[in-house]
Amino acid sequence: MIDFKQIIAKAIAEVVNIDEKELESYIEIPKDANNGDYAFPCFRLAKELKKAPPMIANDIKEKIQIDEQMVEKVEVVGGYLNFYIQQEQMVEEVLKEIDAQEEYGKSEIGKGKNIVIDYSAPNIAKPFHIGHLRSTVIGGALYNIYKYLGYHTIGVNHLGDYGTQFGKLIEGYKLWGKEYNIEEDPINELTKIYIRINQVCKEDEKVLEQCRMNFKLLEDGDPYCTEIWEKFRALSLKEFQKVYDLLGSHFDSWNGEAFYSDKMPEVIEILEKTGKLVESQGAKIIDLEDKGINTPCIIEKSNGSTTYATRDLAAILYRARTYDFDKALYVVSYEQTLHFKQVFEVAKLLGINEKYTNGLKHVPFGMVSLPTGKMSTREGNIVKLEELLNESIARAKKIIEEKNPELENKDEVAKKVGVGAVIFNDLSNSRIKDEIFDWNQILNFQGETGPYVQYTYVRTKSVLEKAGYMPTIEEVKFVKLLDEASKNIIKLIYNFENILIQVTEKEEPSILSRYLIDLAKAFSNFYNDNKILVEDKDIQNARIYLTYAVGKVLKTGAKLLGIEMPNKM
RNA sequence: GUGCUUAUAGCUCAGCAGGAUAGAGCAGUCGCCUCCUAAGCGACCGAUGGGGGUUCGAGUCCCUCUAGGCACACCA
């Protein structure tokens, strides 16, 4: 599509002696549409040119040469130079693109780049609770969006299937395994064991030591421990899959921590050679004091077993070799900020290309807590994700019964709406913000919510169905879409790809969520102001086409967030 | 104690790497369905934690104070 911003920057660059790219970064989009479609603030040139900003603006205005087919008006307001895009041109540009592209906004800008996204990563033998939702949906959205922009993406579910927690479970299972019906209800029963063994560990240091030994045995390939581990892992994955099916999550790799079990000796060997791996209190550590991190990174515990950090280092080495990544994103809660700082610092000692160490990026997000406080599997105060999703689906079903009892396939729609509401709720705020879990807020289907976006989409479908035909792009008179409401929509649709790029620049899916709300609102306004199906064929064709365009973008955007659109609701 | 992070309306959040009059939703009050789905639209109400600084310009950058959250070696 035509890049209006670039055209304006180029035109200004020919008048003032400043780099085009630099000028482009100064150009902004006025909040108030009355001030034009693009604006150039001249304040920053004042010092250099030793002239008052309004004078500079006037000067530029007089000298600037710009295609009138593109920009119909240039105005000086204070120190601003406001540009008004030729609307008909813009409408044509946008709608022709909608017509031409099967997948609007799709791009090749990421071609040849590999992005590894590490997300979800629940712990085996523990319930999948609402705390795991964020990583799963944020990572999932980033995965979809990077892919849409042409990147080669690799989604990794780095399962928490290793570590002392397993030593604990094995110990608990040894002690009381017969008391629990693990086959019947694996996760819940294992959770009970986990809570119980933790209680005992707290009181008895010897038991804790035994748990650590169990993990050491597991690492060393002890058959009994390995057998139990494999069993727990398989049972857990089966449970997790239920949630992933509901959420529509996809992973290219399920290599969890255990996968790196045999890849850690190499890491330790490399680190040994650097001379930076030192003994301290019986453990092998890397001191990071000189890097401004006052907590050392433990590579090997005093009993010879490895740590989370070592496994992450092995994973970096493996992913660099296997995926040749340009970026490796870790969608993990901000609790682990220090951990990643340490690991990324130590990774520089692994002797891998700088491309890899520079590509490592922690994408942190805020914590979900209950009104009563922090969630803890050990304490047993959690909300399971499956329960939340089912509750949301049930709520959606109830609303459908009230509002649209004649609807076919209610269950399917309820699922899309219920799940969509939960996903959208999680993706609509900046990821760094903490969240206090509130049933009423998540299960609210009004206002800026997933169901609102879905509802707006359904309206577009409904209008198109009622029209009974779809005009071709040649039949659309672009001049019929110059009213305020239509202009707003066109501008938003024009900006779609830019929004997706912003999401990847900031690793922030909420930018897309808010965009969809804006677009849905713009359409609702349009829908309210204008009757779409009217006598005048030219107006009708134009409005139908715009409606179609909105639906297309809403559906595409929602899909990128992992949300499915119903056709009716 | 050290480091990181958050603070915008009664509540939940926006605010495009400093720009024009700080935008929404929820809650509350009021209006709009003989008309393409009222899960909608419109109106009213209401805000930048305190104090300094940098700048032509600060919600945004710096300092400081206050209040929350998180992390700080054998959990992950």
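Modeller: Two residues are in contact if their C-beta atoms, placed from the backbone, lie within 7 Å. Keep in mind that this is a predicted model.

Colleague: Which helices are among those that cover the buried residues of α19?

Modeller: Start with the residues themselves. Helix α19 spans residues 484-494, and its buried residues are S486, I489, I490, L492 and I493. They lie on the same side of α19, because they cover an arc of only 165° around the axis. The cover over them includes α5 (87-100), α20 (496-506), α21 (510-529) and α22 (537-561).

Colleague: Which helix gives the most to the surface near RNA strand B?

Modeller: There are 79 residues around RNA strand B, and those that come nearest are A39, G163, K301, S430 and G447. By type, the residues of this surface divide into 31 nonpolar, 28 polar and 20 charged. With eight residues, the top contributor is helix α18 (residues 450-467).

Colleague: What distance separates the centres of domain 1 and domain 3?

Modeller: Chain A is divided into three parts: domain 1 (4-85), domain 2 (119-254 + 324-374) and domain 3 (385-561). Taken over C-alpha atoms, the centres of domain 1 and domain 3 are separated by 34 Å.

Colleague: Which strands stand at the edges of the open sheet of three strands?

Modeller: The order is β12-β11-β13, with mixed pairing. Each edge strand has a single partner, so one side of each is left without a neighbour in the sheet. Strand β11 (residues 368-370) runs antiparallel to β12, joined by two bridges, and S369 stands opposite K374 in β12. The edge strands are β12 (373-374) and β13 (435-436).

Colleague: Which residue in β5 stands opposite D118?

Modeller: Strand β5 (residues 152-156) is mostly covered, with four of its five residues buried. Strand β4 (residues 114-118) pairs with β5 in the parallel sense, over five bridges. Opposite D118 stands V156.

Colleague: A125 has a positive phi. Is A125 buried or exposed?

Modeller: A125 is a residue other than glycine, with phi near 70°. Its place is in the loop between β4 and α6 (133-148). The cut-off for buried is 20 or more other C-beta atoms within 10 Å. A125 has 28, so A125 is buried.

Colleague: And Q281, buried or exposed?

Modeller: Phi of Q281 is also positive, near 50°. Q281 sits in the loop between β6 (277-280) and β7 (283-286). Q281 has 7, so Q281 is exposed.

Key. Residues are numbered from 1 along each chain as its sequence is written. Chains are lettered from A and ligands numbered from 1 in the order in which they are written. This is a predicted model: local features need pLDDT of at least 70, side-chain atom pairs count only at pLDDT 80 or more; totals for chains, interfaces and linings use all residues. A residue is buried if 20 or more other C-beta atoms lie within 10 Å of its own, exposed if 12 or fewer, and partly exposed in between; C-beta atoms are placed from the backbone. The arc is that of the directions from the helix axis to the C-beta atoms. A residue is near a molecule or strand if its C-beta atom, placed from the backbone, lies within 6 Å of it. Ala, Val, Leu, Ile, Met, Phe, Trp, Tyr, Cys and Pro count as nonpolar, Asp, Glu, Lys and Arg as charged, and the others, Gly among them, as polar. Domain bounds come from an automatic or database domain assignment. Two strands pair if DSSP finds at least two bridges between them.
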